[in-house]
Structure formats: structure tokens, C-alpha cells
Amino acid sequence: MFDRYTDEARRVIFLARYEASRLGSPILETEHLWLGLLRECKKVVRRLAPRVTAEAIHERLMRHGLNTQRISMTVDMPLSDEAKRALAAATAEADSRGQKHITPDYIVLALLREEQAPLSPGESV
């Protein structure tokens, strides 16, 4: 599934999975993708989505209710429907621009367009 992703984009997804595990989530949500992006590509996020902060994302996750028990990284972690749509949209975004590889920039753009994303372009922090 991630063969077209650059190494940096794959690290974003790995870090998102790590954040989900650390926060006790059994599923990888779009919020976890944001956290992975902020850890791996802070400059990209600042350029494309300057109002997205780790604090705001953690606040959104807390409102959803978190399991306080850490989940093992060895367990397969499925993607939420929103995360699947966002990653599919990142692929579509790269395709529409004639790009072979999916970079973190496309993940950010896709998350900004995802209706269920934690911070849509018009939402204030």
C-alpha cells in the first residue's frame, strides 16, 4: 500500500502509528497522522497548515476520550475510515499533479481537505 510513499512519508505513518499506540488507541486516526507529520515534518506543516499544533490535536484526542493503556506496536493497527480516505486523497493529489511519489506535503493537503480532519482550514485553534 505504501510503495509510492517517500521514506519521509513512510516515517510520518510510522510515527503516527507510534503516537496512536502511545496514546492507547487501537486504531490510527487522522489526528495521529497530524502528530506524525508534526514530529517528522514540522516545517511542511507550518508552511501548509500554520494553525495546526500538537497541543490542539492532543486536545481533540482528549475530547474523543483516550484509552490510557499503551497498545503494543507489534499488534496490527488498522486505519480509521477517515485516515484511509485521507491517504487515498494524498495519492489522488499526487496523481493530479503528475507526481509518482507521495510526499508528506500531499498528506497535509489531503488532511486539510478531509471533512473529519481535526483542524479544517476554517477552524480556529
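This is a predicted model: local features need pLDDT of at least 70, side-chain atom pairs count only at pLDDT 80 or more; totals for chains, interfaces and linings use all residues.
Residues are numbered from 1 along each chain as its sequence is written, and side-chain values use heavy atoms, with hydrogens and water left out.

**Entry 1. Overall layout**

I looked up the secondary structure and found six helices and zero strands in the chain. Helices (H or I, at least four residues) and strands (E, at least two) are DSSP runs, numbered from the N terminus. Along the sequence the pattern reads α-α-α-α-α-α.

I then checked burial: 43% of the 125 residues of the chain count as buried. Buried means under 20% relative accessible area, exposed over 50%, and partly exposed in between (1.4 Å probe, protein chains only).

For contacts (heavy atoms within 4.5 Å), I took those in the chain with a separation of 6 or more; residues 24 or more positions apart account for 69% of them.

**Entry 2. Core**

I searched for nonpolar cores, each a set of buried Ala, Val, Leu, Ile, Met, Phe, Trp, Tyr and Cys residues joined through side-chain atoms within 4.5 Å. The largest has 35 residues, and those touching the most other members are Leu33, Trp34, Leu37, Val45, Ile107 and Val108. Helix 1, helix 2, helix 3, helix 4 (54–64), helix 5 and helix 6 each supply at least two residues of this core. Helix 6 gives the largest share, seven residues.

I followed Ile107 further. Leaving aside neighbours within four places in sequence, Ile107 is in contact with Tyr5, Ala9, Val12, Leu37, Leu87 and Ala90.

**Entry 3. Helix 2**

I listed the buried residues of helix 2: Thr30, Glu31, His32, Leu33, Trp34, Leu35, Gly36, Leu37 and Leu38. With nine of its 11 residues buried, helix 2 is largely enclosed by the rest of the structure.

I compared the length of helix 5 with expectation. Its 16 residues reach 22 Å from first C-alpha to last, close to the 22 Å expected at 1.5 Å a residue. The expected span is 1.5 Å times one less than the number of residues.

Which residues of helix 5 are buried? I found Ala83, Ala86, Leu87, Ala90, Glu93 and Ala94. They cover an arc of only 115° around the axis, which puts them on the same side of helix 5. The arc is that of the directions from the helix axis to the C-beta atoms. These buried residues pack against helix 1 (7–22), helix 2 (30–40) and helix 6 (104–113).

I picked out Thr91, found in helix 5 (residues 81–96). Thr91 counts as partly exposed, at 21% relative accessibility. Setting aside neighbours within four places in sequence, I find Thr91 in contact with Arg4, Tyr5 and Ile102. Thr91 and Tyr106 are 15 residues apart in sequence and 7.4 Å apart in space, C-alpha to C-alpha.

After helix 5 comes Gly98, whose phi is positive, near 70°.

**Entry 4. Salt bridges**

Side chains of opposite charge can pair when their charged atoms come close. I searched the whole structure and found nine salt bridges, each a side-chain nitrogen of Lys or Arg within 4 Å of a carboxyl oxygen of Asp or Glu.

Arg47 and Asp105 meet in a salt bridge at 2.8 Å, N to O. Arg47 lies in helix 3 (residues 42–48) and Asp105 in helix 6, so the pair ties together parts that are 58 residues apart in sequence. Arg47 counts as exposed at 54% relative accessibility, and Asp105 as partly exposed at 23%.

Glu19 and Arg22 also form a salt bridge, at 2.6 Å, N to O. Both lie in helix 1, three residues apart, about one turn of the helix. Glu19 is buried, with a relative accessible area of 4%, whereas Arg22 is partly exposed at 33%.

The side chains of Glu93 and Arg97 meet in a salt bridge at 2.8 Å, N to O. Glu93 counts as buried at 12%; Arg97 is partly exposed at 46%. I also noted that salt bridges with shared partners join Glu19, Arg22 and Arg39 into one network.
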